[in-house]
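Here is a short briefing for a first look at a protein model. Keep the structure open while you read.

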Amino acid sequence: MSSNPLIFLEGVRKIYGAGTVRVDALSDINLRVSSGEFMAILGPSGSGKSTLMNIIGCLDRPTDGRYVLDNVDVSGLGDEELARVRNKMIGFVFQMFNLLPKQTALGNVQLPLLYSGIGPKEREENGMQMLIKMGLEERLHHRPSELSGGECQRVAIARALINKPSILLADEPTGNLDTKTGEDIISLFRKLNVEEGVTLILVTHNPEIAGEAKRRLYIRDGRIVSDSGG
Ligand SMILES: Nc1ncnc2c1ncn2[C@@H]1O[C@H](COP(=O)(O)OP(=O)(O)OP(=O)(O)O)[C@@H](O)[C@H]1O
Ligand SMILES: [Mg+2]
């Protein structure tokens, strides 16, 4: 049913550790995000933003509660199944880029296609196309240590987009970039959202970037304290 949200979290809790080192990172998170939304997540350091992104992105599971993604309850899936869902539906861009240091730009970008079982020739072609789209045609065979921060982030974005995910998650994607490069990346995200209908969720401390989003979710101490569009 088209009226069902793409992302649906109900009573989600995340507890790290146990006993005296126990951290209640998320408590009673209820959230619906429809296909095609552009949402920013804001909140102080340690409030649970990355924890929430990791759960939405199927990199981690809630301790309690339910996560239904595209009508599938993914809260109880095993690691392999979760990885399959992630590879098919989700692109993730991290603050620290998380590129493999020994792989070239082209090698990094192709990885999700390898996991999808796509053959080497098609992988290389698609990988090149995506890097060219990101303005990196001169950097295909460079390793991350031979690239600038903005170039690394563009490689990371190319990798996130190569499987044509319906959801793009970005955790502080411009935190390590200068203002101009950050703006370029945000306008690229906006374009993906408007023109290709990609559902976009990003964590940012930057009020200008947050202002671009149509919906703003504020988190404090692991709880949603305000939701401008929900
Ligand atoms: N793997 C982990 N084990 C134990 N505690 C963790 C773990 N990851 C995060 N935490 C704790 O959970 C809380 C939420 O962390 P989280 O990374 O989600 O915060 P954040 O809002 O993303 O902060 P920042 O803005 O600094 O990135 C913090 O108190 C953090 O110390
Ligand atoms: Mg974080």
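The points below cover the ligand site and then the salt bridges. The model is predicted.

**Around ligand 1**

- The residues surrounding ligand 1 include Tyr16, Val23 and Ala25.
- By class, the shell has four nonpolar, seven polar and one charged residues.

**Polar contacts with ligand 1**

- Thr51 uses its side chain: an N or O atom there is 2.6 Å from an oxygen atom of ligand 1.
- Gly46 uses its backbone, with a polar atom 2.8 Å from a ligand oxygen.
- Gly48 also uses its backbone, where an N or O atom lies 3.0 Å from an oxygen atom of ligand 1.
- On its own, ligand 1 has 630 Å² of accessible area, and the protein covers 58% of that.

**Elements in the shell**

- Two elements give two or more residues each to the shell: β2 (23-33) and α1 (49-56).
- Helix α1 gives the most, with three residues.

**Salt bridges**

- The whole structure holds 11 salt bridges.
- Arg22 and Asp24 form one of them, with their closest N and O atoms 3.0 Å apart.
- Asp24 counts as partly exposed because its relative accessibility is 33%.
- Arg22 is partly exposed too, at 42%.
- Arg61 and Asp79 pair up at 2.6 Å, N to O.
- This pair links distant parts of the chain, 18 residues apart: Arg61 sits in the loop between α1 and β4 (64-69), and Asp79 in helix α2 (residues 79-89).
- Arg61 is partly exposed at 26% relative accessibility, whereas Asp79 is exposed at 57%.
- Lys180 and Asp184 meet at 2.9 Å, N to O.
- Both residues lie in helix α6 (residues 179-196), four residues apart, which is about one turn of the helix.
- Lys180 counts as exposed because its relative accessibility is 52%, and exposed means over 50%.
- Asp184 has 38% and counts as partly exposed.
- Glu37, Arg215 and Asp227 are linked in a network of salt bridges.

Note on methods
Residues numbered from 1 in each chain as written. Chains lettered and ligands numbered in written order. Predicted model: local features only at pLDDT ≥ 70, side-chain atom pairs only at ≥ 80, totals over all residues. Heavy atoms only, no water. Near = heavy atom within 4 Å. Polar contact = N/O pair within 3.5 Å; in protein donor to acceptor, adjacent residues only side chain to side chain. Areas by Shrake-Rupley, 256 points an atom, 1.4 Å probe, with all protein chains shown as cover. Nonpolar A, V, L, I, M, F, W, Y, C, P; charged D, E, K, R; others polar. Salt bridge = Lys/Arg side-chain N within 4 Å of Asp/Glu carboxyl O. Buried < 20%, exposed > 50% of the residue type's maximum accessible area, 1.4 Å probe, protein only.
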